[in-house]
Every structure is written in structure tokens, then in C-alpha cells.
2 protein chains.
Amino acid sequence: MIDTLIQKIKEKNAPVVVGLDPTLKFVPEMIKKENFEEYGETLLGAAEAIWLFNKEIIDATYDLIPAVKPQIAMYEQFGLPGLEVFQRTVDYCKEKGLVVIGDIKRGDIGSTSEAYAVGHIGKVQIGNTSIAAFDEDFVTVNPYLGTDGVKPFVDVCKKEKKGIFVLVKTSNPSSGEFQDQKVDGKPLYELVAEKVVEWGKDCMGSTYSNVGCVIGATYPEQGKTLRKLMKNTYILVPGYGAQGGTAKDLKDYFNEDGLGAIVNSSRGIIAAYQNEKYRNFGEEHFAEASRKAVEDMIADIRSVL
Amino acid sequence: MIDTLIQKIKEKNAPVVVGLDPTLKFVPEMIKKENFEEYGETLLGAAEAIWLFNKEIIDATYDLIPAVKPQIAMYEQFGLPGLEVFQRTVDYCKEKGLVVIGDIKRGDIGSTSEAYAVGHIGKVQIGNTSIAAFDEDFVTVNPYLGTDGVKPFVDVCKKEKKGIFVLVKTSNPSSGEFQDQKVDGKPLYELVAEKVVEWGKDCMGSTYSNVGCVIGATYPEQGKTLRKLMKNTYILVPGYGAQGGTAKDLKDYFNEDGLGAIVNSSRGIIAAYQNEKYRNFGEEHFAEASRKAVEDMIADIRSVL
């Protein structure tokens with residue numbers, strides 16, 4: 001799957017991913033009004049509003065980008081109707097030719113991680129039938145439980161030609177609390193990085209591994225160091241834009257081949273119309289504002305490569 | 001919520017929780033056959049089979065136990081029909097007076113953790129209406145992202161009088177890979193434990209905090225040390241039974257008041273009828289086998305208190 005992702009990144013000349021992390025405060029009033037009138041102020045009403053919001057943004061941007069990253073929490077908060085819209089969003093993005101990175105940050109003991117892995121990127125066995133449930137292309141994985149919590153995901157990647165991105169150094173302000181702690185003089189995230197490389201070795205694409213990692217744009221020094229430690233590992237980079245990461249910070253996340261990283265923006269794209277810079281589009285043209293924000297982001301990142 | 005849990009533990013004189021982690025290989029053939037005939041070998045067929053399996057076990061054991069711990073991965077692997085049965089299981093257990101610990105091991109950056117928290121133990125705001133989606137009583141939380149990934153759960157606990165259990169030292173074989181790494185001479189899990197105590201301080205019940213922790217039964221030495229470090233923290237203890245933990249190992253997880261820990265068994269209870277010890281019940285009496293296994297587990301744990 002990493003080769004498919006790289007091919008699409010090259011085709012679009014755009015190492016970016018749009019984070020489909022909708023909250024109701026990003027959804028234009030007219031869409032909320034329409035759906036609340038039809039379904040009430042219910043989980044279903046919220047979920048359907050988010051679906052329409054997503055669909056317009058996908059339609060307005062899919063030709064520019066290689067991939068999307070729906071954050072499942074933003075759907076899960078609306079219970080079953082929310083998760084149904086997560087599924088619908090995944091399916092629709094795949095129809096549009098996009099690679100779908102399910103930002104699920106799952107991770108558990110072996111038998112449980114296996115259930116997450118088959119449910120999200122593999123197939124579950126039911127009698128003599130095997131069925132894909134959510135069927136994303138990649139998912140994000142939390143490594144806190146160690147190898148036997150990650151290995152079931154790697155096994156499913158190999159079997160189903162899918163991929164994962166393992167959290168190494170996250171973009172949030174307190175990520176250093178545990179991740180930066182020094183173990184024999186080295187930060188914990190480097191130990192995790194070493195394991196990611198090890199896990200990825202028997203799950204290689206042509207140059208890069210199907211086992212990638214997550215390193216926040218908000219920690220460029222660490223990104224630079226980690227890039228060198230894990231040269232065949234693709235880096236999914238959250239934290240650009242709304243969280244404070246800039247293109248200048250991102251240069252060192254890439255290898256000399258111009259590959260090796262894919263940069264995510266969520267709020268900066270999907271809520272662009274609420275940003276001063278794109279306010280002239282007006283609420284009713286929110287999707288066009290998102291398209292312009294994607295174009296600007298791509299130009300910004302190309303400028304440092 | 002911790003006070004409610006403690007009250008129920010005292011009423012039943014049973015510091016145990018039944019892990020509702022069904023996989024199809026635990027479900028008796030007759031139930032699978034019936035549901036596959038009705039719904040086909042589909043996600044729905046699997047989910048409905050699991051629902052009937054759960055319901056019989058709940059009906060056969062609810063009077064003996066204070067709480068259940070459904071592991072969401074086992075439902076999520078069956079996609080939306082699976083998650084619908086997760087919801088139905090949570091609702092049914094609450095109707096039966098059980099405390100429900102959603103074993104979801106979520107954790108993300110602040111805004112995302114907030115979405116998980118409102119979706120699982122809080123209420124999501126939709127227009128002027130606030131609605132509980134999954135509505136468990138407790139959830140488990142992964143601490144890898146640090147304070148700002150956990151704090152939104154704590155805030156929702158305070159607001160909604162709910163609780164969480166944060167992973168400190170997990171029960172799986174490779175849990176030591178990162179969790180046991182020494183930071184200034186102390187294992188990382190102790191650092192996490194110190195943070196758990198800190199997070200729990202402004203979210204106290206009468207004696208214990210609503211912010212509990214997870215420590216596997218398979219690491220009794222660590223359990224003993226951590227018990228002393230976090231005396232007002234309730235410990236959720238997985239790993240008893242099928243994973244290898246014994247009652248003798250568990251004594252030190254409890255405080256002198258006989259409280260402070262609640263021990264989970266999943267496979268050992270729900271798949272008891274497949275165990276040599278309970279095979280005489282026969283497949284059709286699987287729920288009675290589970291009841292007997294619960295009685296035996298309670299007696300076993302009482303024997304060391």
C-alpha cells in the first residue's frame with residue numbers, strides 16, 4: 001500500500017493529506033439547519049450534517065490530493081450514526097481514488113490488536129466467509145503495549161497489502177512527558193523508532209516500508225534526527241497549520257528523493273472558510289475555500305522541497 | 001462513579017469483573033448456526049450471534065458480579081453491526097444494574113481525546129441538545145500522548161461523575177519493551193503512575209479517585225510496588241486466568257481495607273464451557289458453566305483477601 005500512496009503522491013506532486021476531522025463548529029449553519037430540521041438535534045442529525053460537509057470538501061479537493069485521513073474520534077462521538085458516516089466517508093474517498101488513512105490510534109494486547117487490525121485493514125472470518133468491515137488502506141497505531149500489541153497489525157499489512165503509521169513523537173504540547181524521557185541517554189521516542197524500523201523490515205514496499213510512523217510537525221528538531229534514523233520509513237506528519245507547524249519546519253522530514261513524508265492538515269483545510277485568509281469565500285462556498293487552502297498548502301510545501 | 005463501583009463490589013462481596021470479549025470461536029455452534037441461517041455469514045450474522053451469547057452469560061452471572069468490561073475491539077471487528085451490539089450490550093448490562101467498563105484504550109491529542117471522552121462517558125453537544133452516545137460508566141485510556149491526551153477524559157469524569165482506568169503496566173508479554181524502560185533509575189510505568197495519581201487528585205470519590213489504573217495480574221512484583229505508590233488509585237487487573245495470573249499473585253494489588261483492586265477475567269469466564277474443568281456442562285449449558293466459573297473465581301480471590 002505504501003507504493004500506491006507514493007505513486008499517488010507523485011502523480012499529484014503533492015505530499016499532503018487532508019484530515020477529515022469534522023466537528024459541528026466547522027459545519028456551516030445552513031447544513032446544520034437543514035439536517036436538524038430533517039432529523040432533529042440528534043446523533044443522526046449531526047452525523048448527516050457531517051456527511052454533507054465531508055462530501056462537498058472531498059468533491060472540491062480530491063483531484064488535488066493523494067490521500068485523506070479521517071479521524072475516527074470525530075465520528076465516534078456521535079455514536080453509531082457517526083460511525084456509519086465514518087464508514088460512508090471511507091467508502092466514498094476510496095471511490096474517488098484517494099488513499100484512506102484511518103486515524104484510529106488503536107493498540108492493545110495481541111489478541112485484541114488482531115481484532116482491530118482485521119476490522120480496520122483486514123478481513124474478519126465469519127464461518128467460511130471472510131469480510132472486510134471498515135476497510136481503510138492505512139491505520140495509525142499506538143505502540144505503548146510493545147511488539148505484541150503492534151505485530152498483529154503488521155501481519156495483517158503483509159497479508160492484505162495494507163499499511164500502518166505507528167505513533168513515535170506526537171504533535172501535542174505534552175507529547176514529551178513520556179515520549180521524551182531519556183532511556184540510557186536516548187529519548188523513548190528513539191527506542192520506539194528503532195522498533196518501528198524493525199517491525200517494518202519484513203513488510204517492505206519497493207523502497208519504503210508499509211510500516212510508517214507519526215512525527216508531529218511541531219517538533220522539527222526531533223523530526224530531523226528521526227528522519228536519519230529511519231530512512232526507509234514513511235512519516236505521517238500532523239501538526240502543520242492550525243497546530244503551529246510551518247513548511248520551513250518540514251523540509252527535514254523528507255529524504256533527498258523528495259519522498260518519505262506526507263503532511264496532514266485538518267482544521268486548516270476543512271474549516272478554511274472560517275479563517276480570516278479565506279473568509280471572502282463566504283460560508284456557502286466553504287468547499288471552494290477548502291480547495292484554495294489545499295492549493296496554498298501544496299504550494300507552501302513544494303516551496304521547501 | 002468509583003463510589004458506585006465500590007458499593008457494588010461490597011454488596012456482592014466480589015472484586016471481580018467479567019470481560020465480555022466474545023470472539024466467534026467462543027460462541028457455541030448452535031448459536032452460530034441459528035444466526036448464520038437467519039442473517040447469513042455476514043457481519044450482522046456474527047454480531048447477532050455474539051449478542052445472544054452475551055445475553056445468556058449476562059443473565060446467568062449478573063447477580064454475582066458488580067461490573068462487566070466489554071472489549072470494544074471484539075465488536076469493532078464486525079464493523080457497524082458489531083458496534084451496534086456493543087451498544088446493546090452496554091445498555092443491557094446497565095439495565096441489569098452492572099457497572100460497565102468500556103475497554104476502549106483510546107487516547108489522542110487534546111481535541112480528539114475530548115471527542116472520545118464525550119462519546120463514551122459524556123454527552124456530545126448537538127445544537128441546543130446534549131446527548132450521550134455509548135454512555136459507559138468507565139473507560140480505559142492510553143497515556144502515551146501525555147497529560148493533554150488524558151485531561152479531557154478527566155474533565156468529563158468530573159462533569160458527568162464517571163471514571164477512567166489509565167494503562168500503567170499492561171498484562172501482555174511485551175509490555176516491558178517500553179513501559180519498563182528505566183528513566184533516571186525508575187521504570188517508565190512508575191512515571192505514568194505518578195501522573196495518574198496527579199490527574200486523579202481533583203477527581204476524588206470518598207476514598208478512591210475516579211481516575212484508576214490498569215496493572216496486569218501477570219506482573220505481581222510491579223503490582224505490589226505500584227499499590228504502595230498509588231494508595232487511593234483503584235487498580236483494574238486484567239490477566240487473571242487465561243493469561244496466567246493466579247489469586248496468590250493478586251493479594252498485593254489490594255489495600256488493607258480489602259478494596260483498591262478489581263480483577264478481570266474474560267476467556268476464563270465466557271468460554272468456560274470449552275475448558276476441561278467445566279466441560280461436563282456441555283455446549284448447550286455454556287452460560288451455566290460461566291456462572292460456575294464466576295463462583296469459582298470469586299471464591300479463589302476471596303481466599304487471598
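Visitor: In this predicted model, which strand of chain A is joined to β10(A) by two bridges?

Guide: Strand β10(A) runs parallel to its partner, and two bridges join them. One facing pair places A:V214 opposite A:L236. The partner is strand β11 (residues 235-237) of chain A.

Visitor: Over how many bridges do strand β7 (residues 163-169) of chain A and β10(A) pair?

Guide: Strand β7 of chain A and β10(A) pair in the parallel sense. Within this pairing, A:K169 has A:I215 as its bridge partner. The number of bridges is five.

Visitor: In what order do the eight strands of chain A close into a barrel?

Guide: The pairing in this barrel is parallel. One of its pairs is β1 (residues 16-18) with β2 (residues 67-68), held over two bridges, where A:V17 stands opposite A:A67. The order is β1-β2-β3-β6-β7-β10-β11-β12.

Visitor: What is the average twist from one strand to the next in the barrel of chain B?

Guide: In chain B a closed barrel of eight strands runs β1-β2-β3-β6-β7-β10-β11-β12, with parallel pairing. From one strand to the next, the twist averages 30 degrees. Within chain B, β7 (residues 163-169) and β10 (residues 211-215) pair over five bridges, and the residue opposite B:V166 is B:C213. The average asked for is 30 degrees.

Visitor: How compact is chain A, and what is its radius of gyration?

Guide: The secondary structure of chain A comes to 13 helices and 12 strands. For 305 residues the globule rule gives 19 Å, and the computed value is close to it, so chain A is as compact as a globular protein of that length. Buried residues make up 61% of the chain. The radius of gyration is 19 Å.

Visitor: Which helix gives the largest share of the side of chain A that touches chain B?

Guide: In the contact between the chains, 59 residues of chain A meet 59 residues of chain B. The largest share of the chain A side amounts to six residues. By type, that side divides into 28 nonpolar, 23 polar and eight charged residues. The helix is α6 (residues 110-120) of chain A.

Visitor: How many of the 11 residues of helix α6 of chain B are buried?

Guide: Helix α6 (residues 110-120) of chain B is mostly covered. Among its buried residues are B:T112, B:Y116 and B:H120. The cover includes α4 (73-76) and α5 (79-95) of chain A, together with elements of chain B such as β3 (99-106) and α7 (147-160). The number buried is nine.

Visitor: What rotation superposes chain A on chain B, and what relation is that?

Guide: The superposition of chain A on chain B has an RMSD of 0.0 Å, with a rotation of 180 degrees and 0.0 Å of shift along its axis. That is why the relation is one of a two-fold axis. In chain A, the C-alpha nearest the axis belongs to A:V183, 2.7 Å from it. The rotation is thus one of 180 degrees, the relation of a two-fold axis.

Terms used
Residues are numbered from 1 along each chain as its sequence is written. Chains are lettered from A and ligands numbered from 1 in the order in which they are written. This is a predicted model: local features need pLDDT of at least 70, side-chain atom pairs count only at pLDDT 80 or more; totals for chains, interfaces and linings use all residues. Two residues are in contact if their C-beta atoms, placed from the backbone, lie within 7 Å. Helices (H or I, at least four residues) and strands (E, at least two) are DSSP runs, numbered from the N terminus. Ala, Val, Leu, Ile, Met, Phe, Trp, Tyr, Cys and Pro count as nonpolar, Asp, Glu, Lys and Arg as charged, and the others, Gly among them, as polar. Copies are superposed by least squares on the C-alpha atoms of residues with pLDDT of at least 70 in both. Two strands pair if DSSP finds at least two bridges between them. Axes are lines fitted to C-alpha atoms, for helices over the stretch in contact, and angles run from 0 to 180 degrees between N-to-C directions. A residue is buried if 20 or more other C-beta atoms lie within 10 Å of its own, exposed if 12 or fewer, and partly exposed in between; C-beta atoms are placed from the backbone. The radius of gyration is taken over C-alpha atoms; the globule rule is 2.2 Å times the number of residues to the power 0.38.
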